[in-house]
Structures are given as structure tokens and as C-alpha cells.
Amino acid sequence: MPGDPPVIGFYGGLTASLVILTLLMGAGSHAASPAALGDALWAHGVLGPRLRRSAAVGLPVAEGVLGVAGTAALLTGHQRGLQTVLVAGAALFGLYAAYTRHVLALGRGGPCGCSGQDVPLSRWVTRRAAALAVLAMSGAGVVGAGPVRLSTAELITLVLAAPACATLLWYLPAAMHEPTTASVHLPTRATAHQQDKTTVHRTAEGVPTRWTSPPAP
């Protein structure tokens, strides 16, 4: 059909932009908080010390290199280079998905290590990585089928949509995280209970009432 090439071009550009932006966001977050990934890997207790140190250094570097290379390939229209970056990105996100799923299957916890934010490891971290891996691989297939050609309207839509979608994906685990009551209120529960006991008074008729200070005589 005559309308197929623009649609394919837009999808290829969108998936490539999503993957590249996510890689750059990951590299930037790790650069802003260099110890976050190493601390998370230590908390997971899966990797040995040497492999943990290598991963803490190598993974952010790989994200940054792929993000910069993908940006250059996308802006210059280098089809083969963009396809290579997307395939490598799919492998990297697939590795993240497999690792986090393995850690969760072992019953381990700790932060996800995605950024400097204190976001705990959860199924949503695994799902986000798996979704990005699928997007990257499908984008690589689309880009490999032909060059990315966009009209002016599609380019404007892409510039607006890609950062928004990448941001939503990036903050998905944090948005879906629901702190348990025990983890939030347990440290203060005993204190609150003690305060409740000391602020309960009774009226002359014997009816309990609550005061913020002792009742006036």
C-alpha cells in the first residue's frame, strides 16, 4: 500500500528513539550516582566481588557508548549503525530482564540500581527491561528493512512522543511501587501507640475522649 513506508519509518524512528533515550538516561543516572549500581549488586548477593565490580563499571559505560552511537547513527541516517545499536541494546536490556528475574526468583531484594533513586527491585523492573528489549529488537528489524524516512509532521510527532514515552517507561517501576504498611509505619508504630495511651482521658460520666493536652480542671 502507498501509505506503508511512512508508517514503518515512523515506527522505526520511534523505537530507535525510545531505546536510545533510555540508554542515555541510564548512563546519566549512573554517572550522577556512581555508587548506586554497585551497592544494588552487592545487596542482591548474586554476583561475586570481581564480577560485581566489573558490572558496576562496564554496564554504565556500555549504556553511554550505545546511546551516543545510536544518536549519531539516527541523526546521520546510518542504517547499519542504527541497527547494530538496537540489536546490542536489545541484548543489554534482555540481560537486565534475565538478571532481575533471577534475583527475584531467589527471593532476594534490595534497590534496583537503575538510578540514584531508592527504587526497590520488583517485577516492574523486569517487565520494563523486557519491554525495552522487545522494542529494540523489533526496531532493529524495521530499520534493517529500509531507511527511516519521516515527513515533517511525523518528525514533530516523534520529537514530542519519544521523550514522553521514554520518561514514562523510565519511571514505571517507581510509579508502580507500593510501600507496605510495615515498611512505612513500623518504626513509628510503637511511639504512636504510646502517645495514644497517654492522651486518652475520660469525662466525669466515664466516656473516653481524646485530648492533645490534659483537660483543664
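Which residue just after helix 3 takes a positive phi? Gly77 does so, with a phi of about 75°.

The legends below describe a predicted model, in which local features need pLDDT of at least 70 and side-chain atom pairs count only at pLDDT 80 or more, whereas totals for chains, interfaces and linings use all residues. Residues are numbered from 1 along each chain as its sequence is written, and side-chain values use heavy atoms, with hydrogens and water left out.

**View 1. Overall architecture of the protein chain.** The secondary structure comes to eight helices and two strands, arranged along the sequence in the pattern α-α-α-α-α-α-α-α-β-β; here helices (H or I, at least four residues) and strands (E, at least two) are DSSP runs, numbered from the N terminus. Of the 217 residues of the protein chain, 32% count as buried, where buried means under 20% relative accessible area, exposed over 50%, and partly exposed in between (1.4 Å probe, protein chains only). Among the contacts in the protein chain with a separation of 6 or more, 72% are accounted for by residues 24 or more positions apart, a contact being heavy atoms within 4.5 Å.

View 2. Helix 3 has 28 residues and reaches 41 Å from its first C-alpha to its last, close to the 40 Å expected at 1.5 Å a residue, the expected span being 1.5 Å times one less than the number of residues. Its buried residues include Arg52, Glu63, Gly64, Gly67 and Gly70. Helix 3 (residues 49–76) and helix 4 (residues 79–105) pack at an angle of about 150°, with their axes 9 Å apart; axes are lines fitted to C-alpha atoms, for helices over the stretch in contact, and angles run from 0 to 180 degrees between N-to-C directions. That angle makes helix 3 roughly antiparallel to helix 4, given that angles under 35 degrees count as roughly parallel, over 145 as roughly antiparallel, 65 to 115 as roughly perpendicular and the rest as oblique. The crossing of the two helices is left-handed, a term used if the near helix is turned anticlockwise from the far one by less than a right angle, with right-handed used if clockwise. Residues of helix 3 including Leu59, Glu63 and Leu66 meet residues of helix 4, among them Leu82, Val85 and Tyr96.

**View 3. Helix 2 against helix 3.** Helix 2 and helix 3 pack at an angle of about 140°, with their axes 9 Å apart, which makes helix 2 oblique to helix 3. Helix 2 passes helix 3 in a right-handed crossing, and the contact is made by Leu37, Gly38, Leu41 and Trp42 of helix 2 and Arg52, Ala55, Ala56, Leu59 and Pro60 of helix 3.

View 4. His44 lies in helix 2 (residues 34–44) and is buried, with a relative accessible area of 1%. Leaving aside neighbours within four places in sequence, His44 is in contact with residues including Tyr99, Arg108, Pro111 and Cys112.

**View 5. Helix 6 and Cys165.** Helix 6 (residues 152–170) has 19 residues and reaches 27 Å from its first C-alpha to its last, close to the 27 Å expected at 1.5 Å a residue. Glu154, Leu158, Ala162, Ala166, Leu169 and Trp170 are buried in helix 6, whereas Cys165 is partly exposed, with a relative accessible area of 31%.
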